Amino acid sequence: GWIMYQRILVPIDGSATSERALDEAIKFAQQQNSRIELVHVLEDIWYFDNENYLNYAELVQTMRYSGEKILAQAQNKFLQAGVMVDIRLLEAQGERVANVIINEAKNSLADLIIIGTHGRSGFSRMLMGSIAEGVVRMAHIPILLIRGG
């Protein structure tokens, strides 16, 4: 039995690794006629200097703009491949990014998550790999992990 994945969630961060996840998602969607949802999660910025509050607001705005750009470029890639895609910019708001991704997967009734993971070791693996690892730990649906360089 070939499993059909109707709704695929693809979290992206603009990295080369998440590009590879996008390519994989395009292949999947073309074979199975799936609906794709791309999500980008804005992480919380911890900022304690009250006097520079305006800079903080500016920083948040810059991150939001950057997230929208990442989503728009990815959306474009899918449209060129003839694949229907939804995009969502989500904010962590004190939650772990992995939690935000899993909650979105539940809300959107996704039946597969395709996520890039950085195949590094040591400290950078802890930082970059933690989101994908967190998603895998909490997942209620299958995950396709795409290894980055």
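Modeller: **Salt bridges, one by one**

The side chains of E91 and R64 meet in a salt bridge, 2.1 Å from N to O. A salt bridge here is a side-chain nitrogen of Lys or Arg within 4 Å of a carboxyl oxygen of Asp or Glu. E91 lies in strand β3 and R64 in helix α2, so the pair ties together parts that are 27 residues apart in sequence. Helices (H or I, at least four residues) and strands (E, at least two) are DSSP runs, numbered from the N terminus. E91 is partly exposed, at 37% relative accessibility. R64 is partly exposed too, with a relative accessible area of 26%. Buried means under 20% relative accessible area, exposed means over 50%, and partly exposed is in between (1.4 Å probe, protein chains only).

A word on the source. This is a predicted model: local features need pLDDT of at least 70, side-chain atom pairs count only at pLDDT 80 or more, and totals for chains, interfaces and linings use all residues. Residues are numbered from 1 along each chain as its sequence is written, and side-chain values use heavy atoms, with hydrogens and water left out.

Next comes D86. Its side chain meets that of R35 in a salt bridge, at 2.8 Å from N to O. This pair links distant parts of the chain: D86 sits in strand β3 (residues 85-91), R35 in strand β2 (residues 35-42), 51 residues apart. D86 is partly exposed at 29% relative accessibility. R35 is partly exposed as well, with a relative accessible area of 35%.

Now K77. It forms a salt bridge with D23, and the closest N and O atoms are 2.9 Å apart. K77 lies in helix α2 (residues 53-80) and D23 in helix α1, so the pair ties together parts that are 54 residues apart in sequence. K77 has a relative accessible area of 25%, which makes it partly exposed. D23 counts as partly exposed at 34%.

How many salt bridges does a search of the whole structure find? It finds six.

Helix α1 deserves a look of its own. It has 17 residues and reaches 25 Å from its first C-alpha to its last, close to the 24 Å expected at 1.5 Å a residue. That expected span is 1.5 Å times one less than the number of residues. The buried residues of α1 include A21, L22, A25 and Q32. After α1 comes N33, whose phi is positive, near 60°.
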